[in-house]
Amino acid sequence: MKNLSQKIIIANWKMNLDYKSSIALARGLFKAFDKKFITNKIVVLPDFLSLAEICKDFRSKNISYGAQDISPFSLGAYTGEISLESLKYLGCKYVLLGHSERREYFSDEKSIALKVENVIKNSDIIPIICVGENWSQKRAGKTWSIVEAQLKEAFSKIKNLRGKTIIIAYEPVWAIGSGKVVSTTDVSIVHGKIKEFISKRFKGFLPEELGIVYGGSVGLDSYQDFSENNDVSGLLVGGASLKISDFSKIINNF
Ligand code: PGA
């Protein structure tokens with residue numbers, strides 16, 4: 001099981017931008033980075049509608065795109081859902097699964113295992129599986145038991161990861177959008193345990209590549225703390241990915 005071949009910086013735009021602003025931001029990024037030599041991989045995750053437009057421009061080796069979620073089901077009578085088939089058609093390389101906002105507001109806790117199964121068994125799209133504890137769980141010293149339980153649940157329908165690339169995003173819920181960032185020591189501890197979990201759980205059936213990224217209030221004053229940390233394969237960036245100038249600095253210097 002190798003680490004990702006390139007460090008990865010993932011922009012989670014959430015539902016912060018409307019269609020027009022998403023397209024404008026995407027075009028700006030494309031202009032800034034398409035032809036430039038950069039060592040890091042950039043991934044943007046716009047909302048579904050913008051994604052369908054943005055993917056026409058983003059045939060670039062520097063910049064990949066993906067979705068913020070996926071239906072747990074295959075094509076069928078599921079009103080309002082977006083299928084894996086559509087993501088494949090659009091050329092998505094990545095999909096975010098189990099983000100804490102989806103767990104909190106859309107009960108994703110219940111569907112995470114089916115979503116992970118759908119993506120892993122039916123596509124080569126790389127899942128970015130989010131895990132992380134909330135503040136009271138952290139204070140109670142339960143960080144690892146929460147993260148471990150989330151990992152167990154997410155992979156509960158998967159036996160074999162051979163040939164796959166998997167990304168786990170450790171995003172403490174209390175750090176998301178709060179301006180509070182976890183200490184690099186704590187990040188190293190959790191990332192190390194995540195790696196150990198995958199190694200044990202999939203012994204003999206390990207993924208080809210495992211990336212473990214950190215997310216939660218990554219910004220101009222904190223991203224460099226993680227760039228020298230070998231336990232961190234990359235970053236999942238929310239707020240700071242919405243401004244080209246800030247996001248460019250992170251991409252260029254991580
Ligand atoms: P943030 O969001 O960088 O704005 O904290 C990160 C995320 O939720 O993925």
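Predicted model: local features only at pLDDT ≥ 70, side-chain atom pairs only at ≥ 80, totals over all residues.

**S71.** I started with S71, which I log as buried because its relative accessible area is 2%; buried means under 20%, exposed over 50%, and partly exposed in between, with a 1.4 Å probe and protein chains only. S71 sits in the loop between β3 (63-67) and α3 (84-89). Helices here are DSSP runs of H or I with at least four residues, strands are runs of E with at least two, and both are numbered from the N terminus. Leaving out residues up to four places away in sequence, S71 touches E81, I82, K115 and N118, where contact means heavy atoms within 4.5 Å.

**Ground rules.** Residues are numbered from 1 along each chain as its sequence is written, and side-chain values use heavy atoms, with hydrogens and water left out.

**L25.** Next I went to helix α1, where L25 is placed. I put L25 down as buried because its relative accessibility is 8%.

**Helix α10.** I looked up which residues of α10 (244-253) are buried, and got D246, F247, S248, I250 and I251. Those buried residues pack against β1 (8-12), α1 (19-33), β2 (41-45), α9 (223-227) and β8 (234-237).

**Positive phi.** Two non-glycine residues went on my list. K14, in the loop between β1 and α1, has phi near 50°. S217, in the loop between β7 (209-215) and α9, has a positive phi of about 55°. S217 counts as partly exposed because its relative accessible area is 21%.

**Largest pocket.** K14 came up again here. The largest pocket has a volume of about 390 Å³, and of its 14 lining residues the closest to the centre are K14, M15, Q68, R102 and F106. For the record, a pocket is an open set of points on a 1 Å grid over the protein atoms alone, where a 1.4 Å probe fits, with protein on both sides within 12 Å along at least five of seven lines; lining residues have an atom within 4 Å of a point. The volume is the space filled by probe spheres set on the points, which are joined across faces, edges and corners. Helix α4 (100-106) gives the largest share of the lining, four residues. By class I get six nonpolar, three polar and five charged; Ala, Val, Leu, Ile, Met, Phe, Trp, Tyr, Cys and Pro count as nonpolar, Asp, Glu, Lys and Arg as charged, and the others, Gly among them, as polar.

**α7 on α8.** Helix α7 (143-154) and helix α8 (184-201) pack at about 35° with axes 11 Å apart. The axes are lines fitted to C-alpha atoms over the stretch in contact, and angles run from 0 to 180 degrees between N-to-C directions. From α7, T143, W144, V147, E148, L151 and K152 meet V190, K193, I194 and F197 of α8. That contact splits into six nonpolar, one polar and three charged residues.

**D124.** Last stop: D124, in the loop between α5 (108-122) and β5 (126-131). I mark D124 as exposed because its relative accessibility is 71%.
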